Amino acid sequence: MNAVAEPVDFAQASLATTAANVTEAVHIPLLRVRPSPTNPRKHFDMEGLRDLARSIKAHGLLQPILVRPYVDPKATAADPHTQYEIVAGERRWRASCLELAGELSTIMAIVRPMSDFEVLEVQLIENLKRSDLHPLEEAAGYEQLLRQPDGLQGYASVDELAARIGKSPSYVWQRRK
């Protein structure tokens with residue numbers, strides 16, 4: 001899914017229709033995107049971000065980020081614009097924001113409506129593919145995906161979770177320790 005659509009003029013497009021039906025990458029204003037509070041990755045190396053920002057400035061964003069529509073509870077009738085929450089690609093977004101002083105004002109993104117649980121799952125899987133995810137961040141991600149005693153969402157067992165993310169149950173148990 002690497003097709004790139006022409007930039008969307010969000011002032012003229014129907015945001016509800018656009019957000020619900022986007023299957024290709026579109027350009028979204030950087031200021032309409034927010035990081036996800038559930039992203040397992042909590043630490044971002046500033047030098048690495050500057051390096052990525054230089055690459056984006058030189059070559060453009062080579063891979064779109066993944067976002068979901070987010071209704072900001074602080075939105076007013078005067079400013080009802082849809083916001084977007086990052087599901088995957090927060091480093092690329094942060095690096096793009098570093099270049100805001102340059103000429104970048106939008107970011108290429110794929111918009112996909114997702115449940116909170118789907119977001120948690122994708123975030124953990126995405127971050128597991130990175131070599132620098134801290135083991136404590138990884139363990140916290142596993143905990144979020146396991147069913148809590150008072151909840152209905154989540155995997156019922158470590159075996160079920162491990163099968164879904166492509167890791168062995170013993171690996172998940174080790175990380176959770």
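Predicted model: local features only at pLDDT ≥ 70, side-chain atom pairs only at ≥ 80, totals over all residues.

Colleague: Fine. How many helices and strands are in the chain?

Modeller: The chain has 7 helices and 5 strands. Those are DSSP runs numbered from the N terminus, with helices being H or I of at least four residues and strands being E of at least two. From the N terminus on, the order is α-β-β-α-β-β-α-β-α-α-α-α.

Colleague: And in what order do the strands sit in the sheet?

Modeller: The 5 strands make an open sheet in the order 1-5-3-4-2, with mixed pairing. Two strands pair if DSSP finds at least two bridges between them. Strand 1 and strand 2 (33-34) are the edge strands, each pairing on one side only.

Colleague: Which strands run parallel?

Modeller: Strand 3 and strand 5 do, joined by 3 bridges. In that pair, Ile65 stands opposite Ala109, and Val67 has Val111 as its bridge partner. Strand 3 and strand 4 run antiparallel, with 5 bridges; there, Tyr70 is partnered with Gln83. Strand 1 and strand 5 are also paired in the antiparallel sense, over 4 bridges, and Pro29 stands opposite Thr106 of strand 5.

Colleague: OK, which residues touch the most other members of the largest nonpolar core?

Modeller: Ile28, Val33, Ile65, Val67, Trp93 and Ile107, out of 25 residues in that core. A nonpolar core here is a set of buried Ala, Val, Leu, Ile, Met, Phe, Trp, Tyr and Cys residues joined through side-chain atoms within 4.5 Å. At least two residues each come from strand 1 (26-29), helix 2 (46-59), strand 3 (65-70), strand 4 (83-88), helix 3 (90-98) and strand 5 (106-111). Strand 5 gives the most, with 5 residues.

Colleague: What is Trp93 in contact with?

Modeller: Leaving aside neighbours within four places in sequence, Trp93 is in contact with Leu30, Val33, Pro35, Ile65, Ile86 and Ile107. Contact means heavy atoms within 4.5 Å. Apart from this core lies another one, of 14 residues, including Leu120, Leu133, Val158 and Val172.

Colleague: Switching to helices. Which strands does helix 3 lie across?

Modeller: Helix 3 lies across strand 2, strand 3, strand 4 and strand 5, and runs at about 125° to strand 4. Helix 4 (residues 116-128) packs on the sheet too, touching strand 3 and strand 4, and its direction makes about 45° with that of strand 4. Axes are lines fitted to C-alpha atoms, for helices over the stretch in contact, and angles run from 0 to 180 degrees between N-to-C directions.

Colleague: At what angle do helix 2 and helix 3 pack?

Modeller: About 70°, with their axes 8 Å apart. That makes helix 2 roughly perpendicular to helix 3; angles of 65 to 115 degrees count as roughly perpendicular, under 35 as roughly parallel, over 145 as roughly antiparallel and the rest as oblique.

Colleague: And helix 6 with helix 7, where do they cross?

Modeller: The axes of helix 6 (residues 158-165) and helix 7 (residues 169-176) come within 8 Å and cross at roughly 110°. Helix 6 and helix 7 are therefore roughly perpendicular as well. Val158, Asp159, Leu161, Ala162 and Ile165 of helix 6 make the contact with Pro169, Val172, Trp173 and Arg176 of helix 7.

Colleague: Last one: is Leu124 buried or exposed?

Modeller: Leu124, which lies in helix 4, counts as buried because its relative accessibility is 0%. Leaving aside neighbours within four places in sequence, its contacts are Pro40, Glu138, Gly141, Tyr142 and Leu145.

Key
Residues numbered from 1 in each chain as written. Heavy atoms only, no water. Buried < 20%, exposed > 50% of the residue type's maximum accessible area, 1.4 Å probe, protein only.
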